[in-house]
Amino acid sequence: MTRETTLRERFAFSQPDLIVDLYLYPAEAGGRAWPINLGWGCPCSKDKSLKEGWDDYPLLESEMKPGEQRRVGFVFLSGQNAVEALAQDGHFYLREACLIGEGTIVR
């Protein structure tokens, strides 16, 4: 029997739950005004309403600025539950006080 990998281990060993093409909306389009870094996280949802959401953490190697697009791994606090829900549409949205970006699932 194998044990489930902990969230801490997934972060430490860069074991993503999903690989995503992430786009952060620029500030002038309603996105963030400052970059994100490793350890930053926010809720995400499969639609713009955020009726159902999951906490996500992109595995960044360097800061990512608003307006930038990058392929990154994502770790979800709820692991496989989030993966199953988000994989249905293959696309999800990131939210803070408003929508700040979107991700397209690559694998």
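User: Which residue in β6 stands opposite Val20?

Analyst: Strands of a sheet pair through backbone hydrogen bonds, in a parallel or an antiparallel sense. In this predicted model, Val20 stands opposite Ile105 in β6. Strands are DSSP runs of E with at least two residues, helices are runs of H or I with at least four, and both are numbered from the N terminus. Residue numbers start from 1 along each chain as its sequence is written, and side-chain values use heavy atoms, without hydrogens and water. Local features need pLDDT of at least 70 and side-chain atom pairs pLDDT 80 or more, while totals for chains, interfaces and linings use all residues.

User: Over how many bridges do β1 and β6 pair?

Analyst: Two strands count as paired if DSSP finds at least two bridges between them. Strand β1 (residues 18–24) and strand β6 (residues 99–105) are joined in the antiparallel sense over five bridges.

User: In which order do the six strands of the closed barrel run?

Analyst: The order is β1-β4-β3-β2-β5-β6, with antiparallel pairing. Neighbouring strands of this sheet are turned by 45° against each other on average, direction ignored; axes are lines fitted to C-alpha atoms, for helices over the stretch in contact, and angles run from 0 to 180 degrees between N-to-C directions.

User: What does helix α2 touch?

Analyst: Contact means heavy atoms within 4.5 Å. Helix α2 (residues 80–87) packs on the sheet and touches β1, β2, β3, β4, β5 and β6. The direction of α2 makes about 95° with that of β3 (54–59).
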